[in-house]
Structure formats: C-alpha cells, structure tokens
Amino acid sequence: MYIDTEKEITSFPYTLRKNTMNDMLIRAVDIIAALFALLISSPVMIVVAILIKLEDGAGPIIFKQTRVGHGGKLFDMYKFRSMYTDAEMRLDELMAQNEVEGNMFKMKNDPRITKVGKIIRKLSLDEFPQFINVLKGDMSMVGPRPPLEREYENYSDRDKKRLLVKPGCTGLWQVSGRNELSFDQMINLDLEYIEKRNIFFNLKIMLLTFKEITVFGKGM
C-alpha cells in the first residue's frame, strides 16, 4: 500500500509553536553534527553495507520505515537493515514476548535479527543513516523516538505531546535507562526533555549518548 509521507496525522490535538531562536540554533547544530557524523563514519558505513549484502544479498541494505514525526507528519526513517526481509510479517507471532510495557515492541533475543544485525545494533551502527533524516529536516539529533503509525493510534492525548518537537536520533530516554524503563516512564522523560529543551541540554544529551556507546557499548 502506498503511504503518502507528506501528509499529517489529522488526530494530532495540539497546535505547534512557531520557530524560536532556540529552534534555529538547534537546527544549525543538527546540520553541522549530521554532516560531521556522516563524514567520519562513511568508511564504517561502507563496511557495514558490504557485510549486510554478504550475509543476506536478497534484501536491501537500507531499511526504510514510515514513522510519525513532528506534529503528526509522516516520514520515511532510514536505518541499516538489521533484520531478515520477512521481519514485519513475523511481528504478530512475537508480540506476546514483548519486553517493554506500552505501545512499543522490544525483544532482547529477537529471532528476526541477522548475525550482522546483532553487531551493528549493539554498536548503534544501524542508526547511522538517520543522519540523512536529520539533514532532510525530518529528525533532530536529539528528541523523542518517532513512533510507528500503529503505535501512535493507541496514544493518549498526553502521549501525543511527544510530537510537539522533532523526533531525534537519541534523547533523554535513551541515556536514562532505555529498555529498562516502562512506556510511561519514557513518556515522562520525553515530556521533561520538551520542557527543558535548549541547545545546551541537547549538547549534554549528545555527549552522554557518545559515552554510552563508546564506554558501555549501549545503543542509541
């Protein structure tokens, strides 16, 4: 089915605020950070692309998935493919093993993940193509993670406040416990982030994310 990623989810109940100087500063840092990240990570991305193709040549290298973004606008989010090509079709049979409460799906030993996928997920290499989303303006370096449409359909009005800002590659939730937290705790952290959001808070979260990945080997 064709999905028009230019449309907006009409059930978004809030009026978006106008751009402020803070928003413009954050956008400028996003562009600089994404360009720098793509430049220094390009050799690694080439190696990852080759490994994905060697393990499962039938599938695409880049996985494109429709997500709900700022103000309910749909967009295509990019990731290196870390699952077998039939992963979406197998989701229903695994829902009972969901390890995260609420409107998300997370499973530590997900059988849909490829061998290469396990490595690139652990090192967050699968997330690198999202820097392209940042350059396009669909995402920010820091912000709430963008939900799937099926997840958004079950959101309360309070949950939808997560979309008052652009979704991010990383965020307060990711550096505060990640999968150990419940869905409600994630929402609380996202709303706390939106309340405190400024360029300095974003830089702090980016530095904490870098520490989590390089020191503790945790994903974004």
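Biologist: What do strand 1 and strand 2 form, and how many residues lie between them?

Modeller: In this predicted model, strand 1 and strand 2 form a hairpin, with five residues between them. Gly 71, in the turn, has a positive phi of about 70 degrees.

Biologist: How do you know that strand 1 and strand 2 pair?

Modeller: Pairing requires at least two bridges. Strand 1 (residues 62-68) and strand 2 (residues 74-80) have seven bridges, in the antiparallel sense, so the two strands count as paired. Arg 67, for instance, stands opposite Phe 75 in strand 2.

Biologist: Why is helix 1 called roughly antiparallel to helix 3?

Modeller: Helix 1 and helix 3 (residues 115-122) pack at an angle of about 155 degrees, and their axes are 9 Å apart. Angles over 145 degrees count as roughly antiparallel, and therefore helix 1 is roughly antiparallel to helix 3. The residues of this contact comprise five nonpolar, one polar and two charged.

Biologist: Which residues make the contact of helix 1 with helix 3?

Modeller: From helix 1, Val 48, Leu 51, Ile 52 and Glu 55 meet Lys 115, Val 116, Gly 117 and Ile 120 of helix 3.

Biologist: What makes up the lining of the second largest pocket, by class?

Modeller: The second largest pocket holds about 590 Å³ of space. Of its 20 lining residues, the closest to the centre are Ala 37, Ile 40, Phe 131, Met 141 and Phe 210. By class, the lining has 16 nonpolar, four polar and no charged residues. Helix 7 gives the most to this lining, with seven residues.

Methods: Residues numbered from 1 in each chain as written. Predicted model: local features only at pLDDT ≥ 70, side-chain atom pairs only at ≥ 80, totals over all residues. Heavy atoms only, no water. 1 Å grid on protein atoms, 1.4 Å probe; cavity = no way out; pocket = protein on both sides within 12 Å on 5 of 7 lines; lining within 4 Å. Points joined across faces, edges and corners; volume = space filled by probe spheres on them. Helix = DSSP H or I, 4+ residues; strand = E, 2+ residues; numbered from the N terminus. Nonpolar A, V, L, I, M, F, W, Y, C, P; charged D, E, K, R; others polar. Axes fitted to C-alpha atoms, helices over the stretch in contact; angles between N-to-C directions. Parallel < 35°, antiparallel > 145°, perpendicular 65-115°, else oblique. Contact = heavy atoms within 4.5 Å.
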